[in-house]
Amino acid sequence: MRPAHICLAVLVTAVWGVNFVVIEVGLGHFPPLLFSALRFLVAALPAVFFVGRPKVAWKWIVGVGLVLGVAKFGLLFIGMDAGMPAGLSSLVLQIQAVFTALFAFVALGERPGGIRASGMVIALSGIAVAAVDEGETGPLGAFALLIGAAACWGVSNVLTRKAAPPDALNFMVWVSTVPVLPLLALSLLFEGPSEDLAALRSLDWQGAGIIVYVAWITTVFGFGAWGYLLRRHPASTVAPFSLLVPVVGMSSSALFLGESVTGLRWCAGALLVAGVALTSLGPASRTGSGSSGTGSGGVSPVAVSAARPSRAAAPGTPARR
């Protein structure tokens, strides 16, 4: 990779890592479901008018929008609002690589090779250590919500793989249109109109800046830049940079939020990052379908569709996320 592309990859992972700090602060301004709805609303508008028509079937856009936008982000925001620390959240979500590999085996027939299987065991060991650490200091219910969010992310990864969107930014912008109304309805039902209206009436510059960051910076810029890199480099070259996300997430949470990072948490982080690396980048056994799934455990759902070795192997053919 060119130095400029390396810097861009590091910048994107830094943006995604710091995002957990921004979410934590944002939950002080908005109830979690309303916050998530606003995030997708601002990510979709006005971008949806500039990215062109959808390039995949609507069933994939709706499916990913509901699983990723409503289920995954709903559980993430509720879990963090219930007491899950930002740094630990950035770490635990990476278990989505294991869920992705498991769901890809069930739905796509992609059998994990020995290296990937070992990576899953190591990553799960990291989650067990993190659960022990959280059990000593925080609510295990919130921890379970983050595991659920990671599982939903794994499902959306497999759906995205099936959709195989040729344009990452176009796909994510259209996906962002789907969760808005369901999340608003759930917010009105469970958080109440009075709480939602109070949050909107008290909106200040910090709250507006938070929405802009989680919508335009992490979604529009982040996915657009990541897709740009994956169109120019094989997924196996770009995907390892995503392992920086929990490192940045835990470090920035300690720096800006004063979160303590215990020895157990560092141990969990080391195990999980190592396990995710093996799960994401290790070779998968081929099946009759002919898809290998290389790189499918990356941090982004769109990374799944970037991992077709037939495209990556062709000189000058852009990979995509």
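In this predicted model, Arg39 sits over the face of Phe40, 4.7 Å from the ring centre.

The structure holds eight of them. A pair of aromatic rings is described by the distance of the centres and the angle of the planes. For Phe35 and Phe77, the ring centres are 4.9 Å apart and the planes meet at 50 degrees, so the pair is tilted; an angle over 60 degrees would be needed for edge-to-face. Phe35 belongs to helix 2 (residues 32-44) and Phe77 to helix 3 (residues 58-81), so this pair ties together parts that are 42 residues apart in sequence. Both partners are buried: Phe35 has a relative accessible area of 0%, and Phe77 has a relative accessibility of 1%.

Phe77 also takes part in a pair with Phe73, and this one is edge-to-face, with 6.2 Å from centre to centre and 80 degrees between the planes. Here the two partners both lie in helix 3, four residues apart, which is about one turn of the helix. Phe73 is buried, as is Phe77.

Terms used
Residues numbered from 1 in each chain as written. Predicted model: local features only at pLDDT ≥ 70, side-chain atom pairs only at ≥ 80, totals over all residues. Heavy atoms only, no water. Phe/Tyr/Trp six-rings, centres within 6.5 Å; stacked < 30°, edge-to-face > 60°. Helix = DSSP H or I, 4+ residues; strand = E, 2+ residues; numbered from the N terminus. Buried < 20%, exposed > 50% of the residue type's maximum accessible area, 1.4 Å probe, protein only. Lys NZ or Arg CZ within 6 Å of the ring centre and 35° of its normal.
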